Each structure stands twice: as C-alpha cells, then as structure tokens.
Amino acid sequence: MCGIVGIVGRQDVNLALYDALTILQHRGQDAAGIMTCHNGKLAQQKAVGLVKDVFRTRHMQRLVGNMGIGHVRYPTAGSSGPALAQPFYVNSPYGIALAHNGNLTNTKELSEDLFKTDLRHVNTDSDSEVLLNVFAHELQEQGKLVPCADDIFEAVKGVYGRVRGGYAVVAMIANYGVVAFRDPNGIRPLIFGSRQTDKGVEYMVASESVALDVLGFKVIRDVAPGEAIFISDSGEFSAKQCSQKSLLSPCIFEHVYFARPDSIIDGVSVYKARLRQGEKLAQKIMREKPDHDIEVVVPIPDSSRVAGQALAQTLGVKFREGLVKNRYIGRTFIMPGQQQRKKSVRQKLNVIDLEFRGKNVLLVDDSIVRGTTCEQIIQLAREAGAAKVYFASAAPAVVFPNVYGIDMPSANELIAHGRTEQEVCEAIGADWLIYQDLDDLIAASSEGSPGISRFDCAVFDGDYITGDVDDAYLARIEAERNDLSKSKREKLIGESDNAIIGIQNGD
C-alpha cells in the first residue's frame, strides 16, 4: 500500500506536495519521493525513509515548478531499497514521471512484452516501472509531437487493454500536465479536488480525501474506476472514461486498517464504517456469549480505537486506553521481516497496569494477519496482571494473500490459514477469540454508499475479482513474499545500492 499525490498549481507546489506526503505517511514508511516540472525541466528528490528525513531545505529549493507528483512507499511487489523509491522516470516520449499505488497481477508477461515487442528496458523488479513503460509506449504510439488530452486518454485506454490488477496512478508529462487514472475495478482509492487562489484554480489528486482537506482543496469526487483525468500545466481540466468495462469494487481493507479515519473513500466515511464494525462485533458477542464477563475493552492503537469505542458502548462496558503507543515507531504491519516486527511491538506499545490488573479484558484489533503482534500484546496484558484476556478482531479471519497492493504474506505465514478459530485462539494465547463476520463487515462499509456494487474481500473469501489469479500465481507470489525470500532479496539490493554509491563516489 502506498500514497500518491499530484498537484497542478499557479505557483511552486513543492511545499504542498511535501505536506500532502506527510499527511499520507501512514500509507507507506519505506521511501518517499517528489518530482516537479518547471519550464520543461524536471527536478527530483527521493530516498529511503520517512518524508521528514528524505527532504531537506536544499532539496525543496531545487524542487521548483507549478506542477508535480509525490509518493510514499511501502513495498508490495519488489523489495526495499533506494532504487525502488518513486516516482520513476522515462525520457521518451516527452519525459514522463509516474507514481503508483497498488499491484499488477500480470507483471511478468508485461515485462516480457516490453522487452521483446516494445523494445523497452526495465531496470528494477518494481511493477510501477513496468506500468510507467507501458503508459509511455502507449503514449508514443499516438505519434504526436504535441499531445492533447484525447491522445493521453487513448494512451490510458491502451494501458487498460494490457495491464491487470489493482492500481491508482499519477503521472506527470513534462511541459504538458498531470494525468491520473484508476484500475477498471477501482480497487485502490483515488480522489481529486480544487481550490481557488488569487492567481486561478489549482487542482490536486491524492490517495485519500484527508490530504485534500488539510491543504484546503475542496473535494470534487473520486476518480471513477476505468476513468482518467488530465490537468494541463495551464490548469485546464479534462476527464474521460477510458475502460469499456468497469465496476466499482474497492478494497474493503482500506476501511479496516489502511485509511485514516477522517478520510472518505468512494463516498464511505472510514470513521463511520469503523464505528459500525464495532457495533456489529458487539452484537455478535451478545449473540454468542450473552453471559460474557468482559469488564473492560482496550483497543490496540491506533486503527482499532474507533471500533473499540463503539463495541464497548454497545456492550455497556468500560472503554479504557490501556495501551500507550510510541508514535515514533512505524506501523508494524508494514515493516519488512518478522524479526523487525517482533522487536518493534515492545518498543511501540506499553501497558498501563491499573487498567489490566485483576480484570477480564477484551483487547480489540482491526485484524489478525500473522498473529505476531497480538500474541505479544496478549502476553503484555497477562504480565500486567489481567485475570483473563479475550481478543476481538474487527475483521474476519485473513486466510488468503492480497495481490492488489497490500503486502499480506504468503498463505502459510497467515495465522488463520489452515487453522480453526479455536486453533488461532490457542496460538495467540487468548482465553477467547471472536472474529467479525464477513457479511457484517461488508454491511458496515456499504451503509450510506449505494454506488458500491461489491467490495474486494479476497483476503477473507479468496474471490479475486480480476479473475486472473489462480493457484500457480499464488504459488509464485508465495515464493516471492515469504520473509526468508524478502530477506535474501533485500541483502542483494543493499549490496547493489552500495556498489552504485561506490561508483558515484569514484571508489
């Protein structure tokens, strides 16, 4: 999962891009990058690290121009490393930079086509670079010295004919403008808005509405599935439906975990969806354990706090912040490597003993993926003197890997894969475990948004909506995604990056 932003303004947009990426930091903490354009010249700064660490005053001084794009990355396809920070760039045609949130499901075939047919070279294992080269080739096929909006839309149409998976894209074409588009299923979020200045109208497109809100842009609407929008460098706006077949099927895990609660995605308030998750989970508890002895509900911060509050209120029991989060530690879900995740849990959370000692505590989390975090938190609760420790997941059991842009591990690393609910309960060390029902999760996200015909719930039910994910594909990504494979790849990439740095330094 990544965060993307594009702005076409009436003055330098570097600071606005920086602020937007800071707001979207929760979507990726591996790397960050910005590229701007001024008088046809592109300027770029990108590196591994948080936004506040990647950009310095000297970088901002050269990132001039009235249009630009930005990206915060957490690794999905590919590994970590400086070479994989985005935006990516190709100089032909025109000079194009691209940033991407999501994951392509036919990257291997596309890479072969790019080399054998399009005669293009791809330098990394990132599907974002593949996507950039497909778009660049399709734009070059239009054969125009000076492209217009319709030429760009035709290129996006060509992308839709070749690319499969879940993706939201912002791209900047030197001298011409910013284009943004979303996959025909609308799996990954993308929204745009405008603001009026004394110099004219400015436009912004981003992964979440909260980025627009904070920067003073008024939301216009979400980019529709299969739609492309184009804002010229002079501020002219165009939009066109470029896919013949489109059906809004957004990823429901955005509502569970990834998105900020103050965002609205495809008309759904993430905050309200999480409130309803808590209410429905409480109703299930009352059905299954009407005589429960829960004395206090404690959320695992931060993404489960809203659901936990609604759950406690519906049950009529106390809600307490018994776990204190160190906000300078990143989100453990998106940290590469099991050892790093385990180490970070103790650094990230500390208990307030008096909220646990002698009490029957219900811990609430947004979901259970590997089980590493919740197992350690349950142990922390016991060490703090809890009499009993129950555990509630605001999402159903995660039993299948995600292939559309969330780096959920291989199936064998998912704690619920091949286990019953009771076996998971025993594995994490809880006295009792309850999961949200999938129908209730869908209902929590569907309320108030009749425009959504279905959600991507593949991690829960194994129904991959693009229709091209089979056992062979899942076996291949399992080999790529397990922690051992990642560790080996990241070691090789680190050695490669060091070699490149050595060459640049004349070593």
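Aspartate 266 touches Arg182, Asp222, Leu248, Pro250, Ser449 and Ile452, leaving aside residues up to four places away in sequence. Here, touching or contact means heavy atoms within 4.5 Å. The model is predicted: local features need pLDDT of at least 70, side-chain atom pairs count only at pLDDT 80 or more, and totals for chains, interfaces and linings use all residues. Residues are numbered from 1 along each chain as its sequence is written, and side-chain values use heavy atoms, with hydrogens and water left out.

**Aspartate 266**

- Aspartate 266 sits in the loop between strand S14 (264-265) and strand S15 (268-269). Helices (H or I, at least four residues) and strands (E, at least two) are DSSP runs, numbered from the N terminus.
- Aspartate 266 has a relative accessibility of 8%, so it counts as buried. Buried means under 20% relative accessible area, exposed means over 50%, and partly exposed lies in between (1.4 Å probe, protein chains only).
- The side chains of aspartate 266 and arginine 182 are joined by a polar contact of 2.8 Å. A polar contact is a pair of N or O atoms within 3.5 Å; within protein, one must be able to donate a hydrogen and the other to accept it, and residues adjacent in sequence count only if both atoms are side-chain atoms.
- Aspartate 266 is not a glycine, yet its phi is positive, at about 55 degrees.

**Helices H4 and H5**

- The axes of helix H4 (residues 107-116) and helix H5 (residues 127-140) come within 10 Å and cross at roughly 45 degrees. Axes are lines fitted to C-alpha atoms, for helices over the stretch in contact, and angles run from 0 to 180 degrees between N-to-C directions.
- That angle makes H4 oblique to H5. Angles under 35 degrees count as roughly parallel, over 145 as roughly antiparallel, 65 to 115 as roughly perpendicular and the rest as oblique.
- H4 and H5 cross in a left-handed way. A crossing is left-handed if the near helix is turned anticlockwise from the far one by less than a right angle, and right-handed if clockwise.
- H4 brings Thr107, Leu110, Ser111 and Leu114 to the contact, and H5 brings Asp127, Val130, Asn133 and Val134.
- These residues divide into four nonpolar, three polar and one charged. Ala, Val, Leu, Ile, Met, Phe, Trp, Tyr, Cys and Pro count as nonpolar, Asp, Glu, Lys and Arg as charged, and the others, Gly among them, as polar.

**Helices H9 and H10**

- Helix H9 (residues 270-288) packs on helix H10 (residues 305-315) at about 40 degrees, with the axes 7 Å apart.
- H9 is therefore oblique to H10.
- The crossing of H9 and H10 is right-handed.
- Residues of H9 in this contact include Tyr271, Arg274 and Leu275, while those of H10 include Val306 and Ala307.
- By class, the contact of H9 with H10 has eleven nonpolar, two polar and two charged residues.

**Loop backbone**

- The peptide bond from serine 92 to proline 93 is cis, with omega near -5 degrees. Proline 93 lies in the loop between strand S5 (88-90) and strand S6 (96-104).
- Tyrosine 94 is also placed in the loop between S5 and S6. Its phi is positive, about 75 degrees, although tyrosine 94 is not a glycine.
- Tyrosine 94 is partly exposed, because its relative accessible area is 24%.
- The peptide bond from proline 301 to aspartate 302 is cis, with omega near 5 degrees. Aspartate 302 lies in the loop between strand S16 (296-299) and H10.
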